[in-house]
Amino acid sequence: MKTTLSQIMIPLDHYPMVSEEESLENTLNILSEEFKLRDHRWHNYEAILTTNSHGEVTGMLTLRSALIITRKIKFPNLFHRLLDLSKSQTTNLSTLKVKQFINPSKNRLIDISAEVDEAISFVLKHNLNSLLVSNNQMIVGVIRTIDLFWYIEDVL
């Protein structure tokens, strides 16, 4: 029997979501709190989804993006330090909105009818860690690299 994307994806309601207007600070806190709740192991997700005022998924803030943002803010290079000094202000996580840093959903969409091999190819071709699965233009779930790996392990 052929395995479908709907069988290996994580349903949308299992993924944490925040408004794209949420502060970056709060969004990063949600990511780290989930990590603590899961005994410092990642089981359910590696990103947080963002939604617009209509509740539609607009993108995701991945762990990689969060790491890059945190590094730039907490450990800026000399250029960033000089830029901050010239502005006479420091970067404050609570004033930054998560929508400024998300990966747009359109860049990682795959239709639910696609073959699992297509999802694997898409992830590899675009160097992604997760895909948003859509059904009739509505996002219904997320497929992570680890989900695809587990699928391959089961097939072998």
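Predicted model: local features only at pLDDT ≥ 70, side-chain atom pairs only at ≥ 80, totals over all residues.
Visitor: What holds strands together in a sheet anyway?
Guide: Strands pair through backbone hydrogen bonds, either parallel or antiparallel.

Visitor: Then which way do E3 and E4 run, parallel or antiparallel?
Guide: Antiparallel, with five bridges joining strand E3 (residues 47-51) to strand E4 (residues 57-62). Threonine 51 stands opposite valine 57 in E4.

Visitor: What is in the hairpin between the strands?
Guide: Five residues lie between E3 and E4 in that hairpin. Glycine 55 takes a positive phi there, near 80°.

Visitor: How many bridges does E4 have to E5?
Guide: Two bridges join E4 to E5, and these strands run antiparallel. Methionine 60 has asparagine 103 in E5 as its bridge partner.

Visitor: How many residues of E4 are buried?
Guide: Six of the six, so E4 is largely enclosed by the rest of the structure.

Visitor: Changing topic. What order do the strands take in the sheet with E1?
Guide: That open sheet has four strands in the order E1-E8-E7-E6, with mixed pairing. Strand E1 (10-11) and strand E6 (109-111) are at the edges; each has a single partner strand, so one side of each is left without a neighbour in the sheet.

Visitor: In which sense do E6 and E7 pair?
Guide: In the parallel sense, over three bridges. Aspartate 111 has serine 134 in E7 as its bridge partner.

Visitor: Where does H6 lie?
Guide: H6 lies across E1, E7 and strand E8 (138-144), and it runs at about 65° to E8.

Visitor: What does aspartate 147 touch?
Guide: Leaving out residues up to four places away in sequence, aspartate 147 touches Ile8, Ile10 and Val142.

Visitor: Now the largest nonpolar core. Which residues touch the most other members?
Guide: Leu5, Ile110, Ile143 and Leu148, out of 15 residues in that core. Helix H1 (5-8), helix H5 (116-126) and strand E7 (130-135) each supply at least two residues of this core. The largest share, four residues, comes from H5.

Visitor: And what does leucine 148 touch?
Guide: Not counting residues up to four places away in sequence, leucine 148 touches Ile8, Val116, Ala119, Ile120, Val123 and Ile143.

Visitor: What does the second core include?
Guide: The second core is separate and has eleven residues, including Leu31, Ala66, Leu96 and Val98.

Visitor: Back to the whole protein. How many helices and strands?
Guide: Six helices and eight strands. Along the sequence they follow the pattern α-β-β-α-β-β-α-α-β-β-α-β-β-α.

Visitor: What percentage of its residues count as buried?
Guide: Of the 156 residues, 37% do. The accessible surface of the protein comes to about 10000 Å², and 53% of that belongs to carbon and sulfur atoms.

Visitor: And what share of the contacts join residues at least 24 apart?
Guide: Among contacts between residues at least 6 apart in sequence, 64% do.

How values were computed. Residues numbered from 1 in each chain as written. Heavy atoms only, no water. Contact = heavy atoms within 4.5 Å. Core = buried A, V, L, I, M, F, W, Y, C linked by side-chain atoms within 4.5 Å. Buried < 20%, exposed > 50% of the residue type's maximum accessible area, 1.4 Å probe, protein only. Pairing = 2+ DSSP bridges. Axes fitted to C-alpha atoms, helices over the stretch in contact; angles between N-to-C directions. Areas by Shrake-Rupley, 256 points an atom, 1.4 Å probe, with all protein chains shown as cover.
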